[in-house]
Amino acid sequence: MQAYVAEIQSRPCFICELVAGNANGNFEIFRDTNGIVFLNKYPTLYGYVLVAPLRHREHVTGDFPLNEYLALQRLVYRVAEAVRESVPTERVYILSLGSQQGNRHVHWHIAPLPPGVPFEKQQLAALALTDGYLELSAAEMQSLAARIRERIDTFNSGVIRGLAICVFRDGNRILVGEGYDPIKRETFYRPLGGTIEFGERAEETIARELREEIGAEVEGLKFLGVLENIFTFAGKPGHEIVFVYDGKLSDRSLYARAELIGVEIEEGGASFKAVWKSLDEFDPVRAPVYPDGLVELLKNQSVLLQG
Ligand SMILES: [Zn+2]
């Protein structure tokens, strides 16, 4: 215990180290733009995880603008649900402790109390290190992390998302990102763009997303219509209101490229492929394109433009 105390008081911030890629025996489960999730290295309960902001913040509320705090709490909620689905749980404990004398980087404990623990061994007694911690092998920690990760990935918030996308029409072709649904085993396509952030206009969303995803500037955005997209992805239901735009890529050489490799910021930095496809190539079974109704919208727009 003394050695542990000496360690946490003298070492560099272990959460910043973990964020930078120096795991030092910690098992990372998940990270996104809001925070990082990892297994408690000294768990007193099976499935005990920690959630922390990526940036070094210390005071649980005082160091956060409200929107950043709430974004992190959404992640805490999502992780707690994932933990609850991954291990037998009678009750989830969520708390933030920390000390200015060590463990300064603020973090939330998410600890699942298993069923059947006698009352006097619940609550703080269940978290205390006085009886030692669970010795789990690296393989067990890895498989536990993978189980929780899978559930975080497929979590559905029940929130309707507002999206803005742009088709960049070029004759009969449009630019689409390629996606894959592991449950349906389906490769699908969707135009580039993304979630509208609070206070942002749809056109600004498109400009930002294209800059982030493929490093491209856009111009001449023209509103085409709104589509309602109600779907399942990876086994979970989704609901989006999608503003559809046409526009031009400032760099005309991109129209001649067979494919563009992009980065999906919202999915934690995963890469994806964008390709030019003709509207006739889409097919509900062999090559579906989302949001639903997109091809019809574009074909109707053509008729209007020609008429
Ligand atoms: Zn830190």
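Which residues is G177 in contact with, leaving aside its neighbours within four places in sequence? I started the notebook with this one. The model is predicted, and I kept that in mind for each entry.

**Entry: G177**

I looked up the contacts of G177 and found Y189, R190, L192, G262, F272 and A274, once neighbours within four places in sequence were left aside. I then checked where the residue sits, and G177 lies in strand 7. I counted 20 other C-beta atoms within 10 Å of G177. A residue is called buried at 20 or more such atoms, so G177 is buried. I also took the distance from G177 to I261: their C-alpha atoms are separated by 9.1 Å, while the two residues are 84 apart along the chain.

**Entry: the chain as a whole**

I stepped back to the protein chain, which has seven helices and twelve strands. I noted the span of its C-alpha trace along the principal axes as about 80 × 35 × 30 Å. I looked up the share of buried residues, and they make up 26% of the 307 residues in the protein chain. I also looked at contacts between residues at least 6 apart in sequence, and 64% of these join residues at least 24 apart.

I went through the backbone angles next. F168 is not a glycine, yet it has a positive phi of about 50°. I placed F168 in the loop between strand 6 (161-166) and strand 7 (173-181). Is F168 buried or exposed? I found 23 other C-beta atoms within 10 Å of F168, so this residue is buried.

N24 also came up: it has a positive phi of about 50° and is not a glycine. I found N24 in the loop between helix 2 (14-19) and strand 1 (28-31). For N24 I counted 9 other C-beta atoms within 10 Å. The limit for an exposed residue is 12 or fewer, so N24 is exposed. I wrote the pair down together: F168 is buried, whereas N24 is exposed.

**Entry: a cis peptide bond**

Which peptide bond did I note as cis? I noted the one from Y290 to P291, with omega near 0°. I then looked up the place of P291, which is found in the loop between strand 12 (270-278) and helix 7 (294-306).

Methods:
Residues are numbered from 1 along each chain as its sequence is written. This is a predicted model: local features need pLDDT of at least 70, side-chain atom pairs count only at pLDDT 80 or more; totals for chains, interfaces and linings use all residues. Helices (H or I, at least four residues) and strands (E, at least two) are DSSP runs, numbered from the N terminus. Two residues are in contact if their C-beta atoms, placed from the backbone, lie within 7 Å.
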